[in-house]
Amino acid sequence: MTSDRIPAEERADLDATAERLRAGGVSMVEMSFVDNAGVVRVKSVPLDRLGFAARYGVGVSPCFETFCFDDVMVLGRHLGGPDGDLRLIPDLDRLVPLAAQPGWAWAPADKFVQEGPRFAACQRAFAASQAKAMQARGLRVLAAFEHEWALGAGGAEDFVPAVTGPAYGQPRLEVVAGYARDLVDALHAQNLVVHQFHPEYTTGQLELSVAATDPVAAADDAVLVRHTVRQVSLRHGWRASFAPCVVPGVPGSGAHLHLSLRDEQGSLFHGGEGPHGLRREGEAFLAGVLAELPALQAVGAGNPASFLRLQPSRWAGVWQVWGREAREAAIRLVLGVTGTGDWAANAEVKCFDATANPYLVVGAVLAAGAEGMRAGLRLPAEVAGDPALLREEQQPARLPTSPLAAAEALEGSRVLAEAMGEVLHDAVVTVRRAEGERFAEAEPAELVSLTRWRW
């Protein structure tokens with residue numbers, strides 16, 4: 001592995017970067033990647049080894065590609081087992097000192113094989129390839145995740161809410177006002193632009209939104225935001241959980257994906273002749289995502305605990321429908337207020353949560369949307385209100401209601417199989433199926449206990 005992966009100007013600046021970090025008190029660098037169960041894994045090096053890591057990488061076993069969320073390793077058709085090695089190469093463009101973890105810097109890592117090329121199952125490379133395919137169409141994609149988490153009392157394995165008060169209520173905000181300020185300050189110090197912070201609906205739940213950016217950067221931001229939330233929570237004596245459910249039987253936390261697309265004429269979600277002003281390509285993109293939602297659920301919310309959150313009448317997006325500002329629909333079209341549509345209009349995919357690998361999510365959604373554009377798909381009629389209140393024969397299609405059903409949909413998806421490639425596609429299906437099989441008979445309380453503090 002040679003240094004030609006790093007542009008000459010970056011190689012020249014590497015020593016200066018290390019000196020700048022050292023002057024800021026940094027002595028360690030964390031490199032992260034996210035496995036197919038959505039767990040962030042890390043390797044780290046002392047700062048004086050950053051140059052070596054950037055040129056030659058840090059070794060990591062490919063076994064992580066078939067780790068389940070509880071660290072049980074399974075075997076797929078291509079990956080799994082004790083053999084082989086990969087190299088993690090930090091992306092120096094995203095290298096940043098960690099504001100809530102003094103003495104450390106962080107960079108997301110890409111995976112390469114020892115002989116030099118990209119690893120076929122690198123999830124970050126998959127996201128980048130789908131973003132580049134959109135660029136080749138003359139489209140710019142902006143993406144961002146919403147971040148919901150439950151704030152619990154520190155040191156407790158069970159969930160004891162650290163904050164109480166009415167949903168979205170001022171009393172709840174008053175308890176966490178200093179925490180929120182520290183959190184937003186830390187995110188700003190890491191070059192993240194925060195748009196909103198507020199108390200959310202369910203027990204101990206909070207939410208934060210950051211600015212949209214390119215798809216790979218949006219996935220990077222998701223990793224960095226969640227790290228920062230956890231660390232700032234610990235500093236305040238609390239514990240943050242991004243798991244989809246922390247208390248059985250109550251609404252949980254999602255990780256909704258917002259997307260917008262632009263070409264030289266402006267937004268594809270504004271100024272057209274389609275439904276609510278969608279332009280033809282924008283409608284086709286959303287129709288492609290809608291068509292692939294059963295398979296996308298295995299990518300974006302395929303953990304067994306995800307299905308504790310994915311319940312009707314909880315705004316979780318369990319119905320395979322779309323609609324303007326329709327919060328029970330899996331795809332919510334957000335048009336923005338009058339006069340802002342060209343830059344504010346976006347689509348929200350509501351059925352995802354933080355058990356997903358965010359790189360897989362953005363890559364898979366872009367692949368589905370691109371197929372919709374290639375096929376010239378049209379959206380069906382939108383659905384408003386709560387479909388659960390309709391008679392059963394009038395209700396629209398539900399998304400998969402179990403991890404095995406979602407894994408089966410992903411296995412059968414030609415669109416995602418072709419986009420991911422055989423190795424990555426099989427690894428994701430293998431992990432989701434294995435989790436579904438092993439926990440098929442698990443009670444909700446067991447699932448919550450196993451997953452509550454994994455994310």
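## Helix packing in a predicted model

Let's start with a pair of helices: the axes of helix 11 (residues 403-411) and helix 13 (residues 422-438) come within 8 Å and cross at roughly 160°. This comes from a predicted model, so keep that in mind as you look around. Angles over 145 degrees count as roughly antiparallel, and helix 11 and helix 13 are therefore roughly antiparallel to each other. Their crossing is left-handed.

Who touches whom here? On the helix 11 side you'll find Pro403, Leu404, Ala407, Leu410 and Glu411. They meet His425, Val428, Val429, Arg432, Arg433, Gly436 and Glu437 in helix 13.

A second pair is helix 3 (residues 123-136) and helix 5 (residues 215-235), whose axes also come within 8 Å and cross at roughly 145°. Arg124, Ala127, Ala128 and Ala131 of helix 3 are in contact with Pro215, Val216 and Asp220 of helix 5.

Here are the two contacts by residue class:

Now for helix 14 (residues 444-451). Which of its residues are buried? Leu447, Val448 and Thr451 are. These three cover an arc of only 95° around the axis, which puts them on the same side of helix 14. As for what they pack against, the partner of the buried residues of helix 14 is helix 8 (306-309).

Conventions. Residues are numbered from 1 along each chain as its sequence is written. This is a predicted model: local features need pLDDT of at least 70, side-chain atom pairs count only at pLDDT 80 or more; totals for chains, interfaces and linings use all residues. Side-chain values use heavy atoms; hydrogens and water are left out. Buried means under 20% relative accessible area, exposed over 50%, partly exposed in between (1.4 Å probe, protein chains only). Helices (H or I, at least four residues) and strands (E, at least two) are DSSP runs, numbered from the N terminus. The arc is that of the directions from the helix axis to the C-beta atoms. Contact means heavy atoms within 4.5 Å. Axes are lines fitted to C-alpha atoms, for helices over the stretch in contact, and angles run from 0 to 180 degrees between N-to-C directions. Angles under 35 degrees count as roughly parallel, over 145 as roughly antiparallel, 65 to 115 as roughly perpendicular and the rest as oblique. A crossing is left-handed if the near helix is turned anticlockwise from the far one by less than a right angle, and right-handed if clockwise.
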